[in-house]
Amino acid sequence: MKVAVMTDSTAYIPEQTREKNNIHMVPLSVVFEDEAYREEVDISTGEFYQKMKSVQELPKTSQPSIGVITQKLEELAKEYDAVVSVHLSSGISGTCQAVQSAGDMVEGIDVYAYDSELSCMGQGFYVLEAVRMAASGKKPEEILARFDQIKQSIRAYFMVDDLTNLQRGGRLSGAQALLGSLLQVKPILHFVDKLIVPFEKIRTRKKAINRIMGMLKEDAEQTQELRVVFIHANREEAAKELESAFKEEFPEVETTIGYFGPVIGTHLGEGAIGVCWYRK
Ligand code: MYR
């Protein structure tokens, strides 16, 4: 059985890695006024953060259309028997549901749409795991079983410089009552039941980052069999500093740097930092 691996652009798997591993991708878009740009296709992450400096109004974001997804699946159906497709949390985007609906319509290929319940390289971890498993001949059901196992250990925490974008875009849950006070601090955020909710209210950026690193280190003290990604919104140096400080203490742990691209960057804003890890 030939199994394809697909994801959406918000996994932010660099193009080179996608090409090398035959990872198929459907892009989400950012819409500046009336002009839509497919991220990773029409607009790079660097161009996006540059453009954000000169616009007054926050862009909007949109999921790929059913038509685009259908076309992609029809192409895959010519070569593959099944596709495992990993997506950003269904609590913040309709993308996963759209892939499943398109999959129900396309003949000749079995479509397994998987809700990562988070996004960015956390989602990417599932994709890369699927690549390894599909290459060694595993069936979609086996890949999905491994995904469910990853979900038990995966953790993702992130913080933003300013909560306004998340709140305006309607992607901050469970915080309405707290909002006034949250705007004064640097809350750590995470996903619960597919939604973004505050994890802890922390007064400063430095303390929030230390708290996240503390949770990561607690897990790394239990086992160095982890994969970790440090994710940044146009703050590569800051992410690299966190990575190298962590590596000094835990040299055996596999680490990488990830990025918040245009769609997620629209909602988080420049300067956001996140850390995500799971047990290999
Ligand atoms: C859409 O328009 O369908 C996409 C909406 C994306 C909302 C993004 C909200 C922020 C997600 C943060 C992920 C952090 C992962 C570590």
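Trainee: Does Ala-11 count as buried or exposed, and why?

Mentor: Buried means under 20% relative accessible area, exposed over 50%, and partly exposed in between, with a 1.4 Å probe and protein chains only. Ala-11 has 1% relative accessibility, so it counts as buried. This is a predicted model, in which local features need pLDDT of at least 70 and side-chain atom pairs count only at pLDDT 80 or more, while totals for chains, interfaces and linings use all residues. Residues are numbered from 1 along each chain as its sequence is written, and side-chain values use heavy atoms, with hydrogens and water left out.

Trainee: Where does Ala-11 lie, and with which residues is it in contact, leaving aside its neighbours within four places in sequence?

Mentor: Helices (H or I, at least four residues) and strands (E, at least two) are DSSP runs, numbered from the N terminus. Ala-11 is in the loop between β1 (3–8) and α1 (15–20). Contact means heavy atoms within 4.5 Å. Beyond neighbours within four places in sequence, Ala-11 touches Cys-120, Met-121, Gln-123 and Gly-124.

Trainee: How many residues has the largest nonpolar core?

Mentor: A nonpolar core is a set of buried Ala, Val, Leu, Ile, Met, Phe, Trp, Tyr and Cys residues joined through side-chain atoms within 4.5 Å. The largest has 54 residues, and Phe-147 and Leu-166 are among those with the most contacts inside it. Helix α5 (residues 120–135) gives the most to this core, nine residues. Domain bounds come from an automatic or database domain assignment. Because domain 1 (3–28 + 63–152) and domain 2 (155–279) both give residues to this core, it lies between them.

Trainee: Which residues lie nearest the centre of the largest pocket?

Mentor: Rolling a probe the size of a water molecule over the atoms shows where empty space is left. On a 1 Å grid over the protein atoms alone, a pocket is an open set of points where a 1.4 Å probe fits, with protein on both sides within 12 Å along at least five of seven lines; lining residues have an atom within 4 Å of a point. Of the 28 residues lining the largest pocket, Ile-92, Ser-119, Cys-120, Phe-191 and Ile-264 lie nearest its centre. α11 gives the most to this lining, with four residues. Both domain 1 and domain 2 give residues to the lining of the largest pocket, so the pocket lies between them.

Trainee: Which residues lie nearest the centre of the second largest pocket?

Mentor: They are Leu-118, Lys-151, Ile-154, Arg-155 and Phe-191, out of 13 lining residues. Domain 1 and domain 2 each give at least three residues to that lining.
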